[in-house]
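Please open the model in your viewer and keep the selection panel at hand. The stops below can be taken in order.

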Amino acid sequence: MLAVVSLALAPPVQASGGARSADEIFAAWQALPERRQQDAVEWFMAECDRSKEYRFVLERFILDSWEGERFAHPPETRTPTFDPEVHCPAQVIPRVFVDPRDPKVSNAFQRLSKGIPKGEGVPAYRYDWSTGQVVSTGVAWDDPARIARNATLGLGPKTDLAEALVAAQLDSAPMAGHAKAFGHAYADRSGRAFEEITLYDAWSSGAELEMPDVEVLGIIHSLDDDWKTWVAPVAPRHHKKLYARVGEHYQAYHRYRALREGLARVYLRSEPALPRGYARASERLHGFWQEHSAEPAKLSADLPSSKEWEDWLEKKARTVEKQREIVEGRRARMASLDRSDRWVRRTWRNILQELGAFDAPQKGGGAEDRGGR
């Protein structure tokens, strides 16, 4: 069993200095001969594998407890679109994926992507909420450039995989239908679809949305199996009730998913980007982990359904914010994860220092690195 409590109560450690930016450190690694690049990555991976820092103890616990091959996960697939011939046969407008860099749609893409928590680094794995699976992104987990880039940002080689596995344990899938429906791509009334933005992401963005009949009715047909109340093209006088019904489905799913997604994101990081509604809730989320000894199976069994969400949060908030042991534990937990982050950056920088990566001036280099081992 993982000795979580003693580790969680580890005292905070102050960071050592270091003036080089992440980009400069990555550039220094790139400037090394290929053999030295590989040596640096292999050395770093070995240091992470034997590290006693809290994050890596948690990662090993998650990876070791996963039933099945830890690195064998299906590749991610293209985001599906609702079929206009099925959901809006009277007004068929094909869905066509667009490049988000296209000036015609780039502003819309930026607005709608605000609902997506900004991750760091280059992930090899992620949790696909719409399918309920951990999926591979197409980047090999042991790709040297990926590991080098992520190390400059304080991430270990397997941090993204461990986080995805935690999310998989927290998602007990009672809202699989909602996940699938809102996992379709967002499209505007012209049929321009965004592969990178799901309907859940768009609704979470807080932006004013175009709501074409295809996507709106696609959700209603999928979740309510109601093909009669509203028929495309939907008259404007019926929009209010129709959109309100879709909003009810979104709110129910958001309550379920955002809590679990936020918990997965803070499992290995002190203050990562969090889903809408949880931006200032990192301490509380860490408190939930502390209360359940940082074991996903225990916390998953205690998490509420969408209907129970409000009462559960109110009750649990009182527990994790008033019980002295949990308050002190969550603070120590966050401090330990911060220390892990600093350890990764410092270890990677020192490995490159040992291999002579900083001996020659780097193109566009900055201040002298004064950080010690």
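A salt bridge here is a side-chain nitrogen of Lys or Arg within 4 Å of a carboxyl oxygen of Asp or Glu. This is a predicted model, in which local features need pLDDT of at least 70 and side-chain atom pairs count only at pLDDT 80 or more, while totals for chains, interfaces and linings use all residues. Residues are numbered from 1 along each chain as its sequence is written, and side-chain values use heavy atoms, with hydrogens and water left out.

**Salt bridges between separate parts**

Begin by selecting Arg126 and Glu76, which form a salt bridge whose closest N and O atoms are 2.7 Å apart. Arg126 lies in strand β2 (residues 125-128) and Glu76 in the loop between α4 (54-65) and α5 (84-87), so the pair ties together parts that are 50 residues apart in sequence. Helices (H or I, at least four residues) and strands (E, at least two) are DSSP runs, numbered from the N terminus. Arg126 counts as partly exposed at 32% relative accessibility, on a scale where buried means under 20% relative accessible area, exposed over 50%, and partly exposed in between (1.4 Å probe, protein chains only). Glu76 is also partly exposed, with a relative accessible area of 33%.

Next select Asp49 and Lys158, another salt bridge, with the closest N and O atoms 3.3 Å apart. Since Asp49 belongs to helix α3 (residues 34-50) and Lys158 to the loop between α7 (144-152) and α8 (159-170), the pair ties together parts that are 109 residues apart in sequence. Is Lys158 buried or exposed? Lys158 is buried, with a relative accessible area of 17%, whereas Asp49 is partly exposed at 46%.

Move to helix α16, where Arg345 and Asp341 both lie, four residues apart, about one turn of the helix. Their side chains meet in a salt bridge (2.6 Å, N to O). Salt bridges that share partners join Arg55, Glu120, Arg269, Asp341 and Arg345 into one network.

**The sheet**

Now show the strands β1, β5 and β4, which form an open sheet in the order β1-β5-β4 with mixed pairing; two strands pair if DSSP finds at least two bridges between them. The edge strands, each pairing on one side only, are β1 (96-97) and β4 (185-187). Two bridges join β1 to β5 (residues 192-198), and these two strands run parallel. Select Phe97 to see the residue that stands opposite Ala193 in β5.

**Last stop**

Finish at Phe358, in the segment after α16 (324-354), which counts as buried at 8% relative accessibility.
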